[in-house]
Amino acid sequence: MTIRSVIRGVGSYLPANVVTNEELSKTVDTSDLWIQERTGIKQRHIAADGEMTSDLAIAAGRQAMERAGLTSDDIDLFVVATATPDQTFPATAAKVQAALGRPGVPSFDIQAVCSGFVYGLSVVDNFMKCGQVKSALFIGAETFSRILDWEDRGTCVLFGDGAGAVALTAETGQGSTADRGVLSTHLHSDGTQHDLLYVDGGVSSTQTTGHVRMEGREVFRHAVVNLASTVREALEANDITIDDVDWLVPHQANKRILESTAKKLRISGDKVIVTVDQHANTSAASIPLALATGVDDGRIQTGQLVLMEAMGGGFTWGSALVRM
Ligand code: ACO
């Protein structure tokens, strides 16, 4: 008998304000052509003034919970993956918990930037596997627009705001890849690569929020290698091949990274969920937003095998294999 963390419901929320490349090019020295050619991004959603990460998280979380047929009374654990919390403390997850009306149970945030969703899924899965909780609401939510330097065209065109959520319950499985739920997670980090992707501020260093700084080419190069490697280890650990995977749901950083990784893995583009064109890079929110897109439009079905992979600042990277 094996405990499996089964995704019962998926939710999403995107701020109403859509900013196209064309609109962005009125205030930033860029063009729709450059952005589309280099990244595949066509538009991004930007949170309104006063709209916070917790607002996005609450909306996505509520939808995931409702779709799972759960109420907040059923939830044993609230986790939010975010690099853009409302405040330094308390955790954004505590605000979500309060808004959804479930005081008393644990709530905390996970900080692994763009890898936040696979890191958080791993944490939630381990809470379930050791029997500490029987259900969880796990949300990836970001307002990255708040930490962009709008004068730096090399970074500000790449990101957007949004939230995606999953409601999970612990179920009994047979211990095979036929089980529904999280089948494996693999996590990595390499803090020596700090200078390639970071925010140049923080509570303890500058007492400011800071802005995203990135060596784009270097990040690109590492991303393709690390992502392909963490997908391969997921396949090997589960004794399956890439052909057994129904859907690749990658972190949505850049269409060229998605294509290069898919090519390296020899997976057909038809099996890759792509939302970067519509959402841009929403960091920890990008995988659950892509998952929600695939579920909502009927491509991702219950019982199918979904492989998620991500890489972000740190560097951090990892994968999660899930039977829906
Ligand atoms: N609009 C127009 N021109 C631009 C822009 C822009 N927004 N940004 C940069 N340029 C110019 C540069 O100034 C440079 O001009 P120059 O040749 O006159 O000096 C030229 O375009 C080429 O710049 P590069 O930075 O070398 O462009 P590159 O081809 O590497 O593309 C990009 C940049 C898109 C950022 C690419 O490196 C990339 O995708 N990297 C991956 C980074 C990423 O996705 N990070 C997300 C976070 S990490 C993650 O989630 C995995």
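Rings of Phe, Tyr and Trp are taken to pair if their centres lie within 6.5 Å. In this predicted model, a search of the whole structure by that criterion returns three aromatic pairs. One of them joins F108 and F127, whose ring centres are 5.9 Å apart and whose planes meet at 35°, so the pair is classed as tilted. Because F108 belongs to strand β5 (residues 107-110) and F127 to helix α5, this pair ties together parts that are 19 residues apart in sequence. F108 is partly exposed, with a relative accessibility of 23%.

F117 and F138 form a stacked pair, with 4.8 Å from centre to centre and 20° between the planes. F117 lies in helix α5 and F138 in strand β6 (residues 135-143), so this contact links parts separated by 21 residues in sequence. F117 is buried at a relative accessible area of 1%, and F138 is likewise buried at 0%.

Helix α5 spans residues 116-129. The distance from its first C-alpha to its last is 20 Å, close to the 20 Å expected for its 14 residues at 1.5 Å a residue. Eleven of these 14 residues are buried, so α5 is largely enclosed by the rest of the structure; among them are V118, L121, V124 and M128. The helix is followed by G131, which has a positive phi near 85°.

Elsewhere, four strands make up an open sheet of mixed pairing, in the order β8-β13-β12-β11. Its edge strands, β8 (181-189) and β11 (247-250), each pair on one side only. Neighbouring strands are turned against each other by 15° on average, direction ignored. Strands β11 and β12 (residues 305-312) run parallel and are joined by four bridges, with V249 opposite M308 in β12.

Definitions and conventions
Residues are numbered from 1 along each chain as its sequence is written. This is a predicted model: local features need pLDDT of at least 70, side-chain atom pairs count only at pLDDT 80 or more; totals for chains, interfaces and linings use all residues. Side-chain values use heavy atoms; hydrogens and water are left out. Two strands pair if DSSP finds at least two bridges between them. Helices (H or I, at least four residues) and strands (E, at least two) are DSSP runs, numbered from the N terminus. Axes are lines fitted to C-alpha atoms, for helices over the stretch in contact, and angles run from 0 to 180 degrees between N-to-C directions. The expected span of a helix is 1.5 Å times one less than its number of residues. Buried means under 20% relative accessible area, exposed over 50%, partly exposed in between (1.4 Å probe, protein chains only). Rings of Phe, Tyr and Trp (its six-membered ring) pair if their centres lie within 6.5 Å; planes under 30 degrees apart count as stacked, over 60 as edge-to-face and the rest as tilted.
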